[in-house]
Amino acid sequence: MRLSRYFLPALRETPSEAQIVSHQLMLRAGMIKQNGAGIYTWLPLGLRVLQKIEAIVREEQERAGAVELLMPTIQQAELWKESGRYEAYGKEMLRIVDRHEREMLFGPTNEELITDVFRSFVKSYKQLPLNLYHIQWKFRDEIRPRFGVMRGREFLMKDAYSFDLTPDAARQAYYRMFCAYLNTFSRMGLKAVPMRADTGPIGGDLSHEFIILADTGESAVFCDRELVDMAPPGLDLDFQADLKPEFDRRTALYAATEEMHDPARFEREVPEERRLSARGIEVGHIFYFGAKYSAPMRAHVTGPDGKDAPVEMGSYGVGVSRLAAAIIEASHDERGIIWPAAVAPFTAAVVSLRPDDAAVSAVCESVYGALLKAGVDVLYDDTPERPGAKLSTLELAGVPTLVVVGPKGVKAGVVEVRDRATGSVVEMSAEAAIQSLVGTSGG
RNA sequence: CGGAGUAUAGCUCAGCCUGGUAGAGCGCUUGCUUCGGGAGCAAGAGGUCGUUGGUUCGAAUCCAGCUACUCCGACCA
């Protein structure tokens with residue numbers, strides 16, 4: 001992408017409405033624009049990040065055996081009346097009336113819809129286990145949205161729903177998602193700690209929140225330090241196997257959010273030097289809730305004994321749009337965002353210090369062309385801005401690697417390769433710069 | 001929903017107290033000089049001062065209503 005043809009409306013000053021660093025940086029880097037309280041347009045750079053996050057979530061869901069579909073944003077009220085949540089959900093649910101005076105709603109979640117899909121098509125235990133997921137915009141009319149997309153009213157969420165015949169099988173489905181989540185967050189460069197969670201209004205008796213640690217996190221968390229650096233299960237994990245040992249190993253140590261925190265137990269179970277009190281951001285939440293929806297909505301399957309029973313369900317959410325902000329909270333410095341390569345909007349940028357210099361432009365074009373051809377997500381800054389302004393903007397936007405091409409370097413036969421995270425600046429031939437990027441870019 | 005603020009140029013803000021017809025910096029346009037860390041000079045464009053009403057000879061300024069946004073609390077991926 002040539003920056004001269006791109007749309008990157010970066011701001012030099014911080015808009016006054018932004019309180020936390022991720023919101024400030026997202027506005028300044030031209031990722032989002034606010035429309036109303038908790039409602040945002042995703043500008044091109046922000047959309048790229050969102051799509052990278054989505055892609056990772058999708059790959060790891062598929063790896064764990066989940067199947068993607070897409071449910072609507074606007075739903076009819078009927079199913080919610082059936083489950084009993086139309087009254088129970090309260091004002092957070094945005095209710096809409098259509099031209100025929102029918103009651104509609106903008107979905108805050110999708111248990112009812114998916115349960116309806118399931119009961120329409122699945123009748124036998126032989127079609128189980130099943131895990132269906134989608135990545136869709138949701139709306140919750142929060143009393144007080146804040147912190148940009150961290151707690152918006154409209155947000156993009158991945159939610160998966162598992163269906164099993166027995167509680168034991170349902171627990172295995174839960175363990176699969178548990179492991180998939182750890183791999184998912186790890187791939188985004190995050191250290192996520194699973195914490196025993198309150199099941200809240202969704203109900204059920206088994207639930208974990210996935211928390212990433214960040215000073216600006218909205219909830220206080222308490223855990224054993226060992227958990228923070230525990231490696232994820234890994235992409236070669238066998239999702240067909242019994243994952244209970246894996247799950248048990250990762251939930252044996254103390255980890256709790258404020259609501260579930262038991263100070264006495266914390267002190268009893270965790271040696272003092274390993275006690276970690278920090279702040280965290282919830283980026284995922286998984287629930288096992290059995291027949292909470294399948295019973296009232298009569299989503300029954302016939303078992304091998306010929307008897308019908310409500311299907312055992314669980315639901316598994318990832319806050320996709322929230323993750324964009326959460327990653328920034330966990331990875332930034334005074335100059336701006338530091339994207340982990342896997343979610344960076346562009347993995348590299350070629351920066352022409354002198355677009356009016358033919359020799360400089362020739363080197364830029366050849367590097368840019370080679371990187372494009374190799375499938376690297378590369379931005380080419382061919383604009384006539386001054387060097388300082390260019391570098392500042394690209395550092396603000398967090399591009400992981402810059403290939404800086406200037407007249408001095410070109411005369412000496414070198415370009416500069418700058419690493420955003422470490423700040424290192426290395427001179428090398430254009431050829432070597434291309435090689436280093438093609439070799440390391442994971443796409 | 002309770003409490004507290006804010007609303008003036010694209011952005012950050014001043015002006016309001018003490019009423020007299022709107023400013024700065026950055027950004028934008030044009031030209032020249034510059035060009036390796038957010039350039040300099042010159043000339044420009046850009047605002048029904050959130051909105052409605054009231055007071056007044058006269059309102060960005062004083063008063064009231066409304067709306068939007070932000071912050072603190074209860075709620076949440």
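1. The largest share of the lining of the second largest pocket is supplied by helix H12 (residues 387-396), with seven residues; a helix here is a DSSP run of H or I with at least four residues, a strand a run of E with at least two, numbered from the N terminus. The lining divides into nine nonpolar, three polar and seven charged residues, where Ala, Val, Leu, Ile, Met, Phe, Trp, Tyr, Cys and Pro count as nonpolar, Asp, Glu, Lys and Arg as charged, and the others, Gly among them, as polar.

2. The model is predicted: local features need pLDDT of at least 70, side-chain atom pairs count only at pLDDT 80 or more, and totals for chains, interfaces and linings use all residues. Residues are numbered from 1 along each chain as its sequence is written, chains are lettered from A and ligands numbered from 1 in the order in which they are written, and side-chain values use heavy atoms, without hydrogens and water.

3. RNA strand B is surrounded by 47 residues, the closest being Arg12, Arg144, Glu282, Glu416 and Arg418; a residue is near the strand if one of its heavy atoms lies within 4 Å of it. H12 also gives the largest share of this surface, seven residues. By class, the surface comprises 14 nonpolar, 13 polar and 20 charged residues.

4. Of the atoms of RNA strand B within 4 Å of the protein, 46% belong to sugar or phosphate and the rest to bases. A polar side-chain atom of Glu13 is 3.0 Å from a base nitrogen of RNA strand B, while a polar backbone atom of Gly406 lies 3.4 Å from a base oxygen.

Notes: Polar contact = N/O pair within 3.5 Å; in protein donor to acceptor, adjacent residues only side chain to side chain.
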